[in-house]
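Thanks for asking me to look over this one with you. Here is a short note on the disulfides, written point by point.

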Amino acid sequence: QLQLVESGGGLVQPGESLTLSCGASGFNLEDYTIGWIRQAPGKGREAVSCISRTDDTTYYPDSVKSRFAISRDNAKNTVYLQINNLEPEDTAVYYCAADQTLSVHSMCLALLEQSLYDAWGQGTQVTVAS
């Protein structure tokens, strides 16, 4: 069974930075397109950063492009999400998803049912408040 584990969330103040981690058990993340998808209270899911399995091409929606950065460390089998200048609107549970067939654009633009991804993590809570 493919498992993803997110970590790094917490309570932070507006303007601060945070790095979330997505680790894998039982498979190599470098073989998968990875997406960070968040869900705020009372709102639908939103993909915020994606990275391709083929050439590490990244994709960000315009709403977060200037503040979010996704990266891989294949030696650690981990994908990171750096969030800068956090805003209260960033408060959400952040999930990572992995899929071998989705392109980076499809991962970020075509939100699937959770069960349709090859792997989906349990999420990490990010709360931005002063």
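The points below go through the disulfides one at a time.

1. First, some background: this is a predicted model, where local features need pLDDT of at least 70, side-chain atom pairs count only at pLDDT 80 or more, and totals for chains, interfaces and linings use all residues. Residues are numbered from 1 along each chain as its sequence is written, and side-chain values use heavy atoms, with hydrogens and water left out.

2. How many disulfides are there? A disulfide here is a pair of cysteine sulfur atoms within 2.5 Å, and by this rule the count is two. Counting bonded cysteines along the chain, the pattern is 1-3, 2-4.

3. Cys22 and Cys96 form a disulfide, with 2.1 Å between their sulfur atoms. This pair joins distant parts of the chain, 74 residues apart: Cys22 sits in strand S3 (residues 18-25) and Cys96 in strand S9 (residues 92-99). Strands (E, at least two residues) and helices (H or I, at least four) are DSSP runs, numbered from the N terminus.

4. Which hand does the link of Cys22 and Cys96 have? The torsion about its S-S bond is about 75 degrees, so the disulfide is right-handed. Buried means under 20% relative accessible area (1.4 Å probe, protein chains only), exposed over 50%, and partly exposed in between. Cys22 is buried at 0%, and Cys96 is buried at 0%.

5. Cys50 and Cys108 also form a disulfide, their sulfur atoms lying 2.1 Å apart. Cys50 belongs to strand S5 (residues 45-51) and Cys108 to helix H1 (residues 104-109), so to speak distant parts of the chain, 58 residues apart. With 100 degrees about the S-S bond, this link is right-handed. Cys50 is buried at 0% relative accessibility, and Cys108 is buried with a relative accessible area of 8%.
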